[in-house]
Amino acid sequence: MEEMEAPMSVSVNHLDEQSVHTDTALLLHLDAVEKFRSKLKYFFMSPCQKFKARGRKPWKLVLQVLKMAIITAQLVSFGLSNQMVVTFKDGNLMSFRHIFLKGYTDSTADTYAAYTKDEVYDRIYFIINQYVHLPNLTVGNHAYVKHEGIYGPLSLCQEFYRKGNILPGNETFDIDTQIETGNVHTAEEGNYLNFTLNFKRLLSVTISFTLKAINLQTVRHHELPDCYDFMVMITFDNTAHSGRIKINLENDVDINECRDWNVTGESNRNFNSTLLFDSVVILICLASLALCSRSFIKGIQLMFVSMKSFVNACIYVSL
């Protein structure tokens, strides 16, 4: 009997040691889980809760509020700047219409047209003459475009049917609908008389030229002026052949940075202040990006730790 009791006691001791080892590992695991749970709970706390829990000052919250404030200020400034651009473009468009369209008034914007041949020629010659003498006429800072020291020309382009023999009295016509174009370029007075218009075949006459200008009103708002290229296009539309040739002036705008500039006086200091403000905005945005990246990395780390803890918990449950 004594020989049979010895192995049983050894087996019981071995089970006790294994149980103690398992309990110790489980306690360590539970302690790690509790610490991780506390860390995870702290991670998802609001800035105010973190301040109450550990006295941590909400620097990220302050930085985000400051960033929103300065970006809002920049957006307001950008809106005002964009408004000045739109105002300048619309003002020049109205100026060009009053300068180049003979007898134009704002009330005739939708009805401005020519009804006789003499009116068409007269208005075309008027446009060219105004273009040639523009520096002596305009109250704005408009100038011609130069290419290698040569002034850009005014271009007159007419579109017409290739062939047209129209006899309304006999109710007959013979027309080739293939469209042809004819161009006349002029940069000096007297070079624009060598063209004629066949009104029966004529579809349209387009006069185009480019003028330069500088938006100086931005200086008062502490911004550097931009240089503008206005591509002006005046169209005599005769596609309806109704005896009424509609005349319309439109322009496309190209905004460029001025090549050379110099601003003196009070405005120069304001430009330096604007540059300093932009530098502060860049620094705050970089700091916010760094903090957000740090928080993102911490979140990824916590996710991996939680996955590891879940796997360990599954293993212990299976044991």
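## Salt bridges

Arg97 and Glu250 are joined by a salt bridge between their side chains, with an N to O distance of 3.2 Å; the term stands for a side-chain nitrogen of Lys or Arg within 4 Å of a carboxyl oxygen of Asp or Glu. This pair connects distant parts of the chain, as Arg97 belongs to helix H3 (residues 59-100) and Glu250 to strand S9, 153 residues apart. Helices (H or I, at least four residues) and strands (E, at least two) are DSSP runs numbered from the N terminus. Arg97 is buried at 13% relative accessible area, while Glu250 is partly exposed at 35%. Buried stands for under 20% relative accessible area, exposed for over 50%, and partly exposed for values in between, with a 1.4 Å probe and protein chains only.

By the same rule the count is five salt bridges. One of them joins Lys102 and Asp122, whose closest N and O atoms are 2.7 Å apart. Lys102 sits in the loop between H3 and strand S1 (113-114) and Asp122 in helix H4 (residues 117-132), so this pair ties together parts 20 residues apart in sequence. Lys102 is partly exposed, with a relative accessible area of 34%, and Asp122 is partly exposed at 34%. Another salt bridge is that of Glu119 with Arg123, at 3.7 Å between the closest N and O atoms. Both residues lie in helix H4, four residues apart, which is about one turn of the helix. Glu119 is partly exposed at 29% relative accessible area, whereas Arg123 is buried at 16%. Side chains of opposite charge can pair when their charged atoms come close.

## Model and overall figures

The model is predicted: local features need pLDDT of at least 70, side-chain atom pairs count only at pLDDT 80 or more, and totals for chains, interfaces and linings use all residues. Residues are numbered from 1 along each chain as its sequence is written, and side-chain values use heavy atoms, with hydrogens and water left out.

The protein has six helices and nine strands. Of its 319 residues, 27% are buried. Among contacts with a separation of 6 or more, 66% are between residues 24 or more positions apart, where contact stands for heavy atoms within 4.5 Å.

Ser204, in strand S7, is buried at 10% relative accessible area. Leaving out residues up to four places away in sequence, Ser204 touches Cys157, Gln158, Glu159, Phe236 and Asn238. Asn238 is found in the loop between S8 and S9 and is buried at 5% relative accessibility. The side chain of Asn238 reaches the backbone oxygen of Phe199 at 3.4 Å. Beyond neighbours within four places in sequence, the contacts of Asn238 are Phe199, Leu202, Leu203, Ser204 and Ile245.

## Leu134 in helix H5

Leu134 is placed in helix H5 (residues 134-137) and is buried, at 2% relative accessibility. Not counting residues up to four places away in sequence, Leu134 touches Ile99, Phe100, His142, Tyr144 and Leu211. Leu134 and Ile99 are 35 residues apart in sequence, with a C-alpha to C-alpha distance of 8.6 Å.

## Nonpolar surface patch

Ile282, Leu283, Leu286 and Leu289 make a nonpolar surface patch of about 430 Å². Patches are made of residues with over 30% relative accessible area and no salt bridge; like charges are joined within 9 Å, and nonpolar side chains (Val, Leu, Ile, Met, Phe, Trp, Tyr) within 5 Å. One of the patch residues, Leu283, is in helix H6 (residues 266-318). Leu283 counts as exposed, at 60% relative accessibility.

Notes: Accessible areas come from the Shrake-Rupley method with a 1.4 Å probe; for residues, only the protein chains shown count as cover. A polar contact is a pair of N or O atoms within 3.5 Å; within protein, one must be able to donate a hydrogen and the other to accept it, and residues adjacent in sequence count only if both atoms are side-chain atoms.
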